[in-house]
Structures are given as structure tokens and as C-alpha cells.
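Please look at the sequence and the structure shown below, and read the report that follows alongside them.

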Amino acid sequence: MASRRALQIGGATIAVGGVYYLYSAGGNPAVAEKKLEHDVSAAGARLKGQDLSSTEAQKKGEVFAKEAGATLDRTVDNVRADIRQADKVVTSKMHEAGSKVDQLKDEGTKAFNDTSKELKQTADSFDKKVNQKTSEAKSGISSWLGFGK
């Protein structure tokens with residue numbers, strides 16, 4: 001029971017340590033692994049009595065800072081490239097949508113004009129027919145009454 005408890009505590013400690021290194025590395029597992037390796041080697045050196053000198057530690061720190069800076073620069077460049085690509089896609093889609101709206105507007109205007117023209121022709125035809133039938137009816141009534149032809 002005690003060994004199981006010790007195993008659980010040891011596992012939790014390792015998990016917390018892993019989270020610490022991942023967090024301190026800004027979420028980059030490769031950087032977290034390098035930090036962990038450095039700390040383990042430094043702890044081993046201290047146990048063996050081979051503590052790193054301050055200049056050596058400073059050199060290693062500078063190398064690590066350069067690597068981290070280069071990684072950060074690459075990440076920023078990648079994000080900028082992704083943003084430019086997304087901007088191109090959005091601009092393209094906006095132009096496509098504008099063209100489609102213009103096309104639909106033109107089609108709607110044409111359909112309205114065609115329908116309006118057709119309606120006017122139908123109304124004119126109807127008026128002619130009504131006038132013609134009215135004339136015929138007048139002449140028929142006049143002829144019944146003896147006024148006609």
C-alpha cells in the first residue's frame with residue numbers, strides 16, 4: 001500500500017515537472033525537452049562536483065536564447081504568411097461575392113424590365129380588344145335601333 005502511494009506521488013511529481021517545463025518553454029515541447037536535459041545534466045554535474053562555470057553557463061544561455069529567438073522569428077514569419085494568405089482568400093471571396101451580386105442585380109433588372117414590357121403589351125392588347133368590342137357593340141345596338149349603317 002505504501003509503495004503504491006509512493007508510486008502515485010512520484011507519478012504526480014513527474015507530471016507536474018513536465019507541465020512546468022512545457023509551460024516555461026512557452027508550450028514548445030522541443031524547447032521544454034532541451035531545458036529538462038540541461039537541468040538534468042547540471043544537476044548531475046553538481047552531484048559529481050563538476051559545477052558549470054558562470055562563463056560556460058552564460059555561453060549555453062546565449063546559445064539557447066539564439067535558438068529560442070530563431071524559433072520565435074520563424075513562428076512570427078509563418079503567422080504573417082498565413083495572415084497574408086488568408087487576406088488574399090478573403091479579398092478574392094469578397095470580389096466573387098460582389099460580382100455575383102452585380103450579376104444577380106442585372107438579371108433581376110432584366111427580368112423586371114421584360115415582365116414590365118410584357119405586362120404593358122398585354123394591357124395594350126386588352127385595351128385594343130375592349131375598344132374594338134365596344135365599337136362593335138355600339139354599331140350593333142345602333143343598327144337595332146335604326147341609326148346604323
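Of the 149 residues of the protein, 4% count as buried, a class that requires under 20% relative accessible area, while exposed residues have over 50% and partly exposed ones fall in between (1.4 Å probe, protein chains only).

Residues are numbered from 1 along each chain as its sequence is written, and side-chain values use heavy atoms, with hydrogens and water left out.

The pLDDT, which is the predictor's confidence in each residue on a scale from 0 to 100, averages 80 for the protein, and 71% of the residues score at least 70. Confidence is lowest in helix H1 (residues 2-24), with a mean of 65, and highest in H3, with a mean of 88. Where pLDDT is low, the predicted coordinates should not be read in detail.

The protein has three helices and zero strands, and its pattern along the sequence is α-α-α; here helices (H or I, at least four residues) and strands (E, at least two) are DSSP runs, numbered from the N terminus.

The largest pocket holds about 220 Å³ of space, and the elements that give two or more residues to its lining are helix H2 (29-48) and helix H3 (54-145). A pocket is defined on a 1 Å grid over the protein atoms alone, as an open set of points where a 1.4 Å probe fits, with protein on both sides within 12 Å along at least five of seven lines, and its lining residues have an atom within 4 Å of a point. Grid points are joined across faces, edges and corners, and the volume is the space filled by probe spheres set on the points. Lys34, Lys35, Glu37, His38, Ala57, Lys60, Gly61, Phe64 and Glu67 line this pocket, and H3 provides the largest share, five residues. By residue class, the lining divides into two nonpolar, two polar and five charged residues; Ala, Val, Leu, Ile, Met, Phe, Trp, Tyr, Cys and Pro count as nonpolar, Asp, Glu, Lys and Arg as charged, and the others, Gly among them, as polar.

The structure also holds three salt bridges, each being a side-chain nitrogen of Lys or Arg within 4 Å of a carboxyl oxygen of Asp or Glu.

| Salt bridge | N to O distance |
|---|---|
| Glu96 and Lys93 | 4.0 Å |
| Asp114 and Lys110 | 3.1 Å |
| Lys133 and Glu136 | 3.9 Å |

Glu96 and Lys93 both lie in helix H3, three residues apart, or about one turn of the helix, and Glu96 is partly exposed at 46% relative accessibility. Asp114 and Lys110 are likewise in helix H3, four residues apart, about one turn; Asp114 is partly exposed at 39%, whereas Lys110, at 53%, counts as exposed. Lys133 and Glu136 lie in helix H3 too, three residues apart and about one turn of the helix, with Lys133 partly exposed at 48% and Glu136 partly exposed at 42%.
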